[in-house]
Amino acid sequence: MELKNKIIEAFASKFGGDGTLYASAGRINLIGEHTDYNGGFVFPGAIDKMIMAEIRPNNTDKVNIHSIDLDDNSTFGFNETDAPQQQWARYVFGVCREIIKRGGKVEGFDAVFAGNVPLGAGLSSSAALESCFAFALNDLFNNNSIDKFELAKIGQSTEHNYCGVNCGIMDQFASVFGKKDCLIRLDCRSLEYEYFPFNIDGYSLVLVDSVVKHELVDSPYNKRRQSCENVAKRLGIDTLRDADMDMLEEIKSDISTEDYMRAKFVIEEKERVLDVCEALNRGDIETVGRLMYETHRGLSKDYEVSCEELDYLNDIAKECGVTGSRIMGGGFGGCTINLVPDTIHDKFLKTVTEKFSARYGHSPKIYDVVISDGARRIS
Ligand code: GLA
């Protein structure tokens, strides 16, 4: 059943009547990985995989919420001690708390939600959930007085304070600011951003999900961030945004090899984002693709957030003549993003499915993605 109908039906049967419908999207990132929390550049866009929610104020001081996909319910209040047990409900609780902490208003509501953003694939289903509710609660209780930058930060703070992930701003920003057919070059230090039309004739974006699940909570993600902060501190700067390779070489003997490799990747990656944007502007798709492969190499060898399955997917893409391919998102599993010429699209899908299944005993999941709008009210 279509997502919208499924939600309307579940809301009516759980709570009776109807509420207001909101949606937000998962994201891709063409290039610029692990640069956001280093004050660097990223180049994401929202996609046509979304989380949708129906919500209605209930004139109480409690939230009653139902997840259709998990077939689970949660009820919670708005005090810090009311935090629900279920991880999925903490995302919504965290958004409520972060709005309240900023002086915004949240009253009790009933809600039902569902989505089609694949979980654990690196497409930021959690940011989609956060931004869907941040947008909705701003509309329902705050007369849209909270600006979009703050909505993204509310999602990010939810991850930090209620979910144990010290993430950057990229996912929530893309999910809130996403615009159809556009990627967003975001400067994560100033939060200046620019939309780049992205609809390259003769190419499409294909995600290949290794179906190896990553869990960023308690994962080495926070450790990577720590390494970057160590190096920035040693250099006497706020973030690696202000570092270059000469500066890094100078302190090489004072820092661990591990911290050196992490910082090297970040310094190179923030330049690659700018190079990709320039290449796109002049229609140089080959350069875009080459830089994507360089990012993969860096994420695999220097940042060490790849795994055997993702490296194999990258090798297959190269063999098939895919223009650009790399791990996308935090890493530790999830998917690769591939810039695929239409002429080899079908052959690539067939080959990658056959080869991956032969080696790992399960097929990868494949998603053709279209760049779409982010958080919005539907009705
Ligand atoms: C995760 C985080 C983002 C970003 C990416 C890596 O998706 O949530 O903030 O750091 O990893 O680029």
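Mentor: A residue is taken to be near a molecule if one of its heavy atoms lies within 4 Å of that molecule. The model is a predicted one. With that cut-off, the residues around the ligand are Arg-27, Glu-33, His-34, Asp-36, Tyr-37, Cys-167, Gly-168, Met-170, Asp-171, Tyr-221, Gly-329 and Gly-330. Sorted by class, this shell comprises four nonpolar, four polar and four charged residues.

For Asp-36, an N or O atom of the side chain is 2.6 Å from an oxygen atom of the ligand. For Glu-33, the distance between a polar side-chain atom and a ligand oxygen atom is 2.7 Å. For Arg-27, an N or O atom of the side chain is placed 3.1 Å from an oxygen atom of the ligand. As to the surface of the ligand, 310 Å² is exposed when the ligand is taken alone, and the protein buries 96% of that area. The space that the ligand takes is the largest pocket.

Met-52 belongs to strand 3, which covers residues 44–57. Met-52 counts as buried because its relative accessibility is 5%, where the cut-off for buried is under 20%. Its C-alpha atom lies 9.6 Å in space from that of Arg-377, although Met-52 and Arg-377 are 325 residues apart in sequence.

Key:
Residues numbered from 1 in each chain as written. Predicted model: local features only at pLDDT ≥ 70, side-chain atom pairs only at ≥ 80, totals over all residues. Heavy atoms only, no water. Polar contact = N/O pair within 3.5 Å; in protein donor to acceptor, adjacent residues only side chain to side chain. Areas by Shrake-Rupley, 256 points an atom, 1.4 Å probe, with all protein chains shown as cover. 1 Å grid on protein atoms, 1.4 Å probe; cavity = no way out; pocket = protein on both sides within 12 Å on 5 of 7 lines; lining within 4 Å. Sits in = over half its atoms within 2 Å of the grid points. Nonpolar A, V, L, I, M, F, W, Y, C, P; charged D, E, K, R; others polar. Helix = DSSP H or I, 4+ residues; strand = E, 2+ residues; numbered from the N terminus. Buried < 20%, exposed > 50% of the residue type's maximum accessible area, 1.4 Å probe, protein only.
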